[in-house]
Amino acid sequence: MTDTGPDAVAATRPRGRTALVASIVVGIVMVALVAVLALGDPGGGREPERSPLLGRAAPAITGETLDDSTFDIDEHRGRWVLVNFFAEWCVPCQVEHPDLVAFDESHREVGDVQVVSVAFQNSREDIAAFFAENGGEWPVVVGGDVGSIAVSWGVTGVPESFLVSPQGVVVHHFRGGVTLDDLEGTLAELRGSGT
(Lines give C-alpha, C1' and ligand atoms only; values in the text may rest on other atoms or scores of the structure.)
Protein backbone atom coordinates (compact mmCIF):
# COMPACT_ATOMS: atom_id res chain seq x y z
CA MET A 1 0.00 0.00 0.00
CA THR A 2 1.32 3.40 -0.96
CA ASP A 3 1.83 5.97 1.73
CA THR A 4 0.05 9.15 0.66
CA GLY A 5 0.20 10.95 3.99
CA PRO A 6 1.73 14.42 4.55
CA ASP A 7 5.15 12.90 5.34
CA ALA A 8 5.26 11.07 1.98
CA VAL A 9 4.26 14.23 0.09
CA ALA A 10 6.93 16.24 1.86
CA ALA A 11 9.52 13.55 1.05
CA THR A 12 8.84 13.82 -2.70
CA ARG A 13 9.09 17.64 -2.91
CA PRO A 14 12.91 17.86 -2.95
CA ARG A 15 13.11 15.44 -5.89
CA GLY A 16 10.58 17.48 -7.84
CA ARG A 17 12.46 20.67 -7.04
CA THR A 18 15.78 19.07 -8.07
CA ALA A 19 14.29 18.01 -11.39
CA LEU A 20 12.95 21.52 -11.96
CA VAL A 21 16.36 23.09 -11.21
CA ALA A 22 18.09 20.55 -13.47
CA SER A 23 15.62 21.33 -16.26
CA ILE A 24 16.25 25.05 -15.91
CA VAL A 25 20.03 24.55 -15.99
CA VAL A 26 19.80 22.33 -19.09
CA GLY A 27 17.54 24.91 -20.72
CA ILE A 28 19.99 27.74 -20.00
CA VAL A 29 22.91 25.71 -21.39
CA MET A 30 20.95 24.91 -24.56
CA VAL A 31 19.99 28.56 -25.08
CA ALA A 32 23.62 29.61 -24.57
CA LEU A 33 24.82 26.98 -27.09
CA VAL A 34 22.32 28.11 -29.71
CA ALA A 35 23.32 31.74 -29.11
CA VAL A 36 27.00 30.93 -29.55
CA LEU A 37 26.30 29.06 -32.78
CA ALA A 38 23.93 31.67 -34.13
CA LEU A 39 25.89 34.78 -33.17
CA GLY A 40 29.46 33.60 -33.59
CA ASP A 41 32.03 35.77 -35.33
CA PRO A 42 31.41 35.48 -39.08
CA GLY A 43 35.01 36.45 -39.75
CA GLY A 44 36.39 33.75 -37.52
CA GLY A 45 37.40 31.68 -40.53
CA ARG A 46 40.26 33.98 -41.42
CA GLU A 47 42.76 32.06 -39.33
CA PRO A 48 43.45 28.47 -40.28
CA GLU A 49 42.48 25.94 -37.65
CA ARG A 50 44.47 22.82 -36.96
CA SER A 51 41.87 20.27 -37.83
CA PRO A 52 43.11 16.70 -37.41
CA LEU A 53 41.91 16.17 -40.97
CA LEU A 54 44.53 18.48 -42.46
CA GLY A 55 46.83 16.49 -44.71
CA ARG A 56 44.53 13.47 -44.69
CA ALA A 57 42.15 12.02 -47.24
CA ALA A 58 38.77 13.71 -47.20
CA PRO A 59 36.14 11.66 -45.38
CA ALA A 60 33.27 10.40 -47.50
CA ILE A 61 30.38 12.68 -48.34
CA THR A 62 27.55 10.91 -50.10
CA GLY A 63 23.90 11.69 -49.91
CA GLU A 64 20.78 13.01 -51.50
CA THR A 65 20.84 16.66 -52.50
CA LEU A 66 18.26 19.39 -52.42
CA ASP A 67 17.49 18.92 -56.13
CA ASP A 68 16.87 15.19 -55.67
CA SER A 69 20.23 14.23 -57.15
CA THR A 70 23.04 12.53 -55.28
CA PHE A 71 26.48 13.82 -54.36
CA ASP A 72 29.65 11.81 -53.87
CA ILE A 73 32.82 13.76 -53.13
CA ASP A 74 34.94 11.02 -54.71
CA GLU A 75 33.42 11.86 -58.09
CA HIS A 76 35.04 15.30 -57.93
CA ARG A 77 38.70 14.25 -57.81
CA GLY A 78 40.76 16.39 -60.13
CA ARG A 79 39.39 19.70 -58.92
CA TRP A 80 39.19 21.62 -55.68
CA VAL A 81 36.17 21.02 -53.46
CA LEU A 82 34.93 23.50 -50.88
CA VAL A 83 32.87 21.62 -48.28
CA ASN A 84 30.61 23.95 -46.29
CA PHE A 85 28.69 22.81 -43.21
CA PHE A 86 25.82 25.16 -42.41
CA ALA A 87 22.32 25.65 -41.07
CA GLU A 88 19.89 28.19 -42.48
CA TRP A 89 19.04 29.55 -39.00
CA CYS A 90 22.69 30.31 -38.19
CA VAL A 91 23.48 34.05 -38.49
CA PRO A 92 27.18 33.64 -39.52
CA CYS A 93 26.00 31.15 -42.18
CA GLN A 94 23.61 33.77 -43.50
CA VAL A 95 26.38 36.39 -43.47
CA GLU A 96 28.88 34.23 -45.38
CA HIS A 97 26.36 33.02 -47.97
CA PRO A 98 26.76 35.91 -50.49
CA ASP A 99 30.53 35.30 -50.47
CA LEU A 100 29.99 31.60 -51.13
CA VAL A 101 27.70 32.51 -54.02
CA ALA A 102 30.34 34.88 -55.46
CA PHE A 103 33.07 32.23 -55.02
CA ASP A 104 30.96 29.58 -56.74
CA GLU A 105 30.05 31.91 -59.61
CA SER A 106 33.68 32.92 -60.17
CA HIS A 107 34.71 29.27 -60.56
CA ARG A 108 31.59 27.67 -62.06
CA GLU A 109 32.38 28.39 -65.70
CA VAL A 110 36.00 27.26 -65.43
CA GLY A 111 34.96 24.26 -63.36
CA ASP A 112 38.09 24.23 -61.23
CA VAL A 113 36.21 24.30 -57.89
CA GLN A 114 33.14 22.44 -56.72
CA VAL A 115 31.23 23.89 -53.78
CA VAL A 116 29.06 21.55 -51.73
CA SER A 117 27.08 22.33 -48.61
CA VAL A 118 26.03 19.88 -45.94
CA ALA A 119 22.95 21.10 -44.09
CA PHE A 120 21.83 19.82 -40.75
CA GLN A 121 19.18 20.60 -38.18
CA ASN A 122 16.97 22.05 -40.88
CA SER A 123 13.88 20.92 -42.72
CA ARG A 124 14.28 20.40 -46.44
CA GLU A 125 11.65 23.11 -47.01
CA ASP A 126 13.58 25.66 -44.94
CA ILE A 127 16.79 24.94 -46.83
CA ALA A 128 15.03 25.19 -50.20
CA ALA A 129 13.48 28.52 -49.18
CA PHE A 130 16.88 29.81 -48.00
CA PHE A 131 18.58 28.99 -51.32
CA ALA A 132 15.64 30.29 -53.35
CA GLU A 133 15.88 33.61 -51.53
CA ASN A 134 19.67 33.91 -51.29
CA GLY A 135 20.97 32.12 -54.37
CA GLY A 136 23.49 29.34 -54.70
CA GLU A 137 23.45 26.64 -57.35
CA TRP A 138 25.81 24.11 -55.82
CA PRO A 139 24.78 20.71 -54.42
CA VAL A 140 23.33 20.81 -50.90
CA VAL A 141 23.41 17.45 -49.14
CA VAL A 142 20.22 17.07 -47.15
CA GLY A 143 19.62 13.34 -47.18
CA GLY A 144 21.42 10.35 -45.78
CA ASP A 145 23.20 10.35 -42.47
CA VAL A 146 24.17 14.03 -42.37
CA GLY A 147 25.00 13.82 -38.67
CA SER A 148 27.57 11.08 -39.29
CA ILE A 149 29.10 13.14 -42.10
CA ALA A 150 29.55 16.08 -39.72
CA VAL A 151 31.10 13.82 -37.08
CA SER A 152 33.54 12.26 -39.56
CA TRP A 153 34.66 15.77 -40.56
CA GLY A 154 35.03 16.79 -36.88
CA VAL A 155 32.53 19.62 -37.18
CA THR A 156 31.81 21.23 -33.82
CA GLY A 157 29.61 24.12 -34.94
CA VAL A 158 28.35 25.95 -37.96
CA PRO A 159 29.54 27.34 -40.18
CA GLU A 160 32.67 25.36 -40.86
CA SER A 161 34.28 24.85 -44.26
CA PHE A 162 37.08 22.70 -45.61
CA LEU A 163 39.07 23.01 -48.79
CA VAL A 164 39.92 19.70 -50.41
CA SER A 165 42.71 19.49 -52.99
CA PRO A 166 42.25 17.91 -56.43
CA GLN A 167 44.01 14.85 -54.98
CA GLY A 168 41.25 14.45 -52.38
CA VAL A 169 43.28 15.69 -49.41
CA VAL A 170 41.92 18.16 -46.82
CA VAL A 171 44.27 21.14 -47.08
CA HIS A 172 42.51 23.95 -45.24
CA HIS A 173 39.91 24.36 -42.51
CA PHE A 174 37.82 27.49 -41.99
CA ARG A 175 36.17 27.59 -38.57
CA GLY A 176 33.41 30.19 -38.59
CA GLY A 177 32.22 32.20 -41.54
CA VAL A 178 34.26 32.75 -44.68
CA THR A 179 34.63 35.71 -46.98
CA LEU A 180 35.35 35.77 -50.69
CA ASP A 181 38.80 37.22 -49.93
CA ASP A 182 39.49 34.34 -47.49
CA LEU A 183 38.52 31.75 -50.06
CA GLU A 184 40.31 33.25 -53.06
CA GLY A 185 43.40 34.10 -51.02
CA THR A 186 43.67 30.64 -49.53
CA LEU A 187 43.11 28.98 -52.89
CA ALA A 188 45.77 31.15 -54.55
CA GLU A 189 48.22 30.43 -51.74
CA LEU A 190 47.65 26.69 -51.95
CA ARG A 191 47.99 26.70 -55.71
CA GLY A 192 51.21 28.68 -55.39
CA SER A 193 52.61 26.13 -52.95
CA GLY A 194 51.95 23.34 -55.42
CA THR A 195 49.38 21.65 -53.19
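Select Asn 84 and Glu 96: their side chains make a polar contact at 2.9 Å. A polar contact here is a pair of N or O atoms within 3.5 Å; within protein, one must be able to donate a hydrogen and the other to accept it, and residues adjacent in sequence count only if both atoms are side-chain atoms. The model is predicted, so local features need pLDDT of at least 70 and side-chain atom pairs count only at pLDDT 80 or more, while totals for chains, interfaces and linings use all residues. Residues are numbered from 1 along each chain as its sequence is written, and side-chain values use heavy atoms, with hydrogens and water left out.

Stay on Asn 84. With 1% relative accessibility, Asn 84 counts as buried. Buried means under 20% relative accessible area, exposed means over 50%, and partly exposed lies in between (1.4 Å probe, protein chains only). Not counting residues up to four places away in sequence, Asn 84 touches Glu 96, Leu 100, Val 116, Ser 117, Val 118, Pro 159, Glu 160 and Ser 161. Contact means heavy atoms within 4.5 Å.

Helices (H or I, at least four residues) and strands (E, at least two) are DSSP runs, numbered from the N terminus. Now show the whole sheet. It is open, with five strands in the order E5-E4-E3-E6-E7 and mixed pairing. Its edge strands, each pairing on one side only, are E5 (140-141) and E7. Two strands pair if DSSP finds at least two bridges between them.

On one side of E3, select E4 (residues 113-119): the two strands pair in the parallel sense over seven bridges. Phe 86 stands opposite Ala 119 there. H2 (residues 91-108) lies across E3 and E4, at about 160° to E3. H3 (residues 124-134) lies across E3, E4 and E5, at about 120° to E3. For these angles, axes are lines fitted to C-alpha atoms, for helices over the stretch in contact, and angles run from 0 to 180 degrees between N-to-C directions.

Next, select E6. How many of the five residues of strand E6 (residues 160-164) are buried? Five of the five are, so E6 is largely enclosed by the rest of the structure. Glu 160, Phe 162 and Val 164 cover one side, and Ser 161 and Leu 163 the other.

Continue to E7 (residues 170-175), which pairs with E6 in the antiparallel sense over five bridges. Ser 161 stands opposite Phe 174. The hairpin of E6 and E7 has five residues between the strands, and Gly 168 takes a positive phi near 85°.

In E7, pick Arg 175. Is Arg 175 buried or partly exposed? At 31% relative accessibility, Arg 175 counts as partly exposed. Its side chain makes a polar contact with the side chain of Thr 156 at 2.8 Å. The C-alpha atoms of Arg 175 and Thr 156 are 9.1 Å apart, with the residues 19 apart along the chain.

Finish with the largest nonpolar core, which has 47 residues. A nonpolar core is a set of buried Ala, Val, Leu, Ile, Met, Phe, Trp, Tyr and Cys residues joined through side-chain atoms within 4.5 Å. Ile 61, Ile 73, Val 83, Phe 85 and Trp 153 have the most contacts inside this core. E3 gives the most to it, with six residues.
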